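Please look over the sequence and the model shown here. A short report on the fold follows them.

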Amino acid sequence: MKDVKKFLMVLMAIVFLCGVAYAKDYEVKKKAGDYDVEIKIDKNPPVVGNNNVEIEIKDASGKYVTDAKVKVEYSMPAMPGMPAMDYKTDAKLDGDKYKAVMDISMSGSWNVVVKITRGDKTSKVKFSVDAQ
Ligand SMILES: [Cu+2]
């Protein structure tokens with residue numbers, strides 16, 4: 001009986017810890033040209049529907065970049081019975097970070113490109129998400 005109790009407590013602890021880890025934002029940290037870019041999506045994994053995206057861009061000296069034009073492009077290649085899907089949205093500056101909403105129309109693998117334009121130079125961060 002004691003062992004069962006212990007087992008249940010351990011099980012609950014594991015479930016709780018997994019829940020905490022699961023609830024965390026989906027995060028991507030990458031370098032794009034001279035920038036350190038950190039992207040957070042408020043759903044992990046990203047979902048069909050609206051996903052809030054927060055983009056933090058720092059220059060080589062660690063300062064926030066707040067004068068860039070930031071775009072989020074997300075696409076899914078064509079598959080049987082489905083044409084290619086391509087979406088674009090502008091991320092808007094909010095404080096030190098850029099914010100956008102990705103409205104994902106179907107589950108599966110999506111390619112995401114964050115384009116950062118400053119002057120005549122564009123840097124890109126590419127990653128993919130598996131929307132549920
Ligand atoms: Cu598809």
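The report covers the sheet, its pairings, the nonpolar core and a few single residues.

This is a predicted model, in which local features need pLDDT of at least 70, side-chain atom pairs count only at pLDDT 80 or more, and totals for chains, interfaces and linings use all residues. Residues are numbered from 1 along each chain as its sequence is written.

**Sheet**

Eight strands form an open sheet. Their order is E1-E2-E3-E6-E5-E4-E7-E8, and the pairing is antiparallel. Strand E1 (26-32) and E8 are the edge strands, each pairing on one side only. From one strand to the next, the twist averages 20 degrees. Strands (E, at least two residues) are DSSP runs numbered from the N terminus. Two strands pair if DSSP finds at least two bridges between them. Axes are lines fitted to C-alpha atoms, and angles run from 0 to 180 degrees between N-to-C directions. In general, strands of a sheet pair through backbone hydrogen bonds, either parallel or antiparallel.

**Pairings**

E1 and E2 are joined antiparallel by seven bridges. Here lysine 29 stands opposite glutamate 38 in E2. The hairpin of E1 and E2 has two residues between the strands, and glycine 33 takes a positive phi near 60 degrees in it.

E2 and E3 also run antiparallel, with six bridges. Aspartate 36 stands opposite lysine 58 in E3. Valine 37 has isoleucine 57 as its bridge partner in E3.

E3 and E6 are antiparallel too, with seven bridges. Asparagine 51 has methionine 102 as its bridge partner in E6. Asparagine 52 stands opposite valine 101 in E6.

**Core**

A nonpolar core is a set of buried Ala, Val, Leu, Ile, Met, Phe, Trp, Tyr and Cys residues joined through C-beta atoms within 7 Å. The largest one has 22 residues. Ile55, Val70, Val72, Trp110 and Val114 have the most contacts inside it. Two or more residues come from each of strand E2 (35-41), strand E3 (49-58), E4, strand E6 (97-104), strand E7 (108-118) and strand E8 (121-131). In soluble globular proteins, nonpolar side chains tend to be buried together.

Two residues are in contact if their C-beta atoms, placed from the backbone, lie within 7 Å. Leaving aside neighbours within four places in sequence, valine 72 contacts Val53, Thr89, Ala91, Ala100, Met102, Val112 and Val114.

A residue is buried if 20 or more other C-beta atoms lie within 10 Å of its own, exposed if 12 or fewer, and partly exposed in between.

Isoleucine 57 sits in strand E3. It is buried because 25 other C-beta atoms lie within 10 Å. Beyond four places in sequence, isoleucine 57 touches Tyr35, Val37, Tyr64, Val65, Ala68 and Ile116.

Serine 75 belongs to strand E4 (residues 69-76). It counts as partly exposed because it has 14 C-beta neighbours inside 10 Å. Not counting residues up to four places away in sequence, serine 75 touches Ala84, Met85, Asp86, Tyr87, Trp110 and Asn111.

Aspartate 94 lies in strand E5 (residues 85-94). It is exposed, since 9 other C-beta atoms lie within 10 Å.

The table gives a C-alpha separation for each of these residues.

| Residue pair | Apart in sequence | C-alpha to C-alpha |
|---|---|---|
| isoleucine 57 and tyrosine 35 | 22 residues | 6.3 Å |
| serine 75 and valine 113 | 38 residues | 8.7 Å |
| aspartate 94 and threonine 66 | 28 residues | 9.1 Å |

Notes:
Helices (H or I, at least four residues) and strands (E, at least two) are DSSP runs, numbered from the N terminus.
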